[in-house]
Every structure is written in C-alpha cells, then in structure tokens.
Amino acid sequence: MSNLTTTFSNNLYKSETPAAREIRFQNLIGKHMTDLFHYAYWLVHDRSVAEDLVQETMLRAWKAMDRLKKPEAAKGWLITILRRENARRFERFQPQFSAIPTEALEEKRQDYDTSTEAFVLRNAIAELPEEYREPLLLQVIHGYSQKEIAAELGISVAGAGTRLFRARKKLRALVEPAQD
C-alpha cells in the first residue's frame, strides 16, 4: 500500500463517527469471536481466563483497528494479539522474593518426592546439557521469566526461549521412553 493510500485511509478513519467505527469494528471481528474464544480456551484451559483474554484482545484490537492494513487478514491479526496478550499475563506476574536462602528451603523440606516418576524426571534433568538444564531450572524452580533468564545467562530473550524449548523437547525425549 502506498504512502498516499495509507494517508488517505488514515484521514478517512479520522472523520469517522463513533457509530460508524463501531459498525466497522463489528464487521471486522464479529465473525472471529468464536474462533478466538476456542483458541484462548485451548491456550489456558480455563473458561474465565479465556474470556478475559478475548476481552483484552478486543480492547487492543479496537485501539489498533486503524493500523490493520488488510481486513481479510483480521483473523490472523486477532490471534496474534490474543497470543501476545496471553504472554503478557506471565510478564505481569512478579514473584515475591524472600530473604531466605534457597539452600535453607531445601533443608526444611520434609515431603521429598520419592516416586518413580520423580526419580526418572530428576535423572532426565541431570542428563540435559547444562546450556539447556540451567534455563529450565531457572524457570521451573526459581520462577524466572524468559526475559530474566536471558539477563541472568547473558543471552538474548529469543535465545532463552530457544533454549527453554529445546530443553523441554530433550527432556520429553528422555522421559517418554521410560513411560512405555
């Protein structure tokens, strides 16, 4: 789309009445609401959280509606917004840090899991290469976000995500044969 066309469409929307904007929004996203909810529910497995995600998605879509260049791509655009909104839920989570050293917590623990599954999982984690084991433990045990893991390890956020993905994949490969 040329700059002239973009300028024209932006000017067209600026003179739009609130009612006309509402109708345009409904026409743009109305047919995708069911698919959005199904996708949100698939992501979170909780009806109320899925409904909240769809609401947040609609709010962001309303605010950014004029930036959508191709109305026929609305479904993909909305799914991307929803996926990013779901990721924001975890960015907003800020774990409460304690002054108690981690080592002291382990000493007081009385309910050490001695099940076969826990034993297999601990051994599989120990077999992971350190470059995958470390970010996985930072996330799962210490509750670090992907961004915090990247800062801790001195790598990019995308690099942390890749290592976490590969760690889970390798861990799954190590554990699944033992379950047969």
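## A chain of helices: questions and answers

Visitor: Among contacts between residues at least 6 apart in sequence, what percentage join residues at least 24 apart?
Guide: This is a predicted model, where local features need pLDDT of at least 70 and side-chain atom pairs count only at pLDDT 80 or more, while totals for chains, interfaces and linings use all residues. Residues are numbered from 1 along each chain as its sequence is written, and side-chain values use heavy atoms, without hydrogens and water. Contact means heavy atoms within 4.5 Å. Take the contacts between residues at least 6 apart; the share joining residues at least 24 apart is 59%.

Visitor: How many helices and strands are there in the chain?
Guide: Both are DSSP runs, numbered from the N terminus: helices are H or I with at least four residues, strands are E with at least two. Along the sequence the pattern reads α-α-α-α-α-α-α-α-α-α. The count is 10 helices and 0 strands.

Visitor: Which side of α4 holds exposed residues, and what are they?
Guide: Buried means under 20% relative accessible area, exposed over 50%, and partly exposed in between (1.4 Å probe, protein chains only). Ala50, Leu53, Val54, Thr57, Met58, Ala61 and Ala64 of α4 are buried. They lie on the same side of the helix because their arc around the axis is only 140 degrees, taken from the directions from the helix axis to the C-beta atoms. On the other side, the exposed residues are Asp52, Gln55 and Lys63.

Visitor: What does α4 reach from its first C-alpha to its last?
Guide: Helix α4 covers residues 47-64, which is 18 residues. The expected span is 1.5 Å times one less than the number of residues. That gives 26 Å, and the helix comes close to it, reaching 26 Å.

Visitor: Is His32 buried or exposed?
Guide: His32 sits in the loop between α2 (18-29) and α3 (33-44). Leaving aside neighbours within four places in sequence, His32 contacts Ala74, Lys75 and Leu78. Its relative accessibility is 12%, so His32 counts as buried.

Visitor: Is His45 buried or exposed?
Guide: His45 lies in the loop between α3 and α4. His45 has a positive phi of about 55 degrees, although it is not a glycine. With a relative accessible area of 60%, His45 is exposed.

Visitor: What percentage of the residues of the chain count as buried?
Guide: The chain has 180 residues. The share that counts as buried is 24%.
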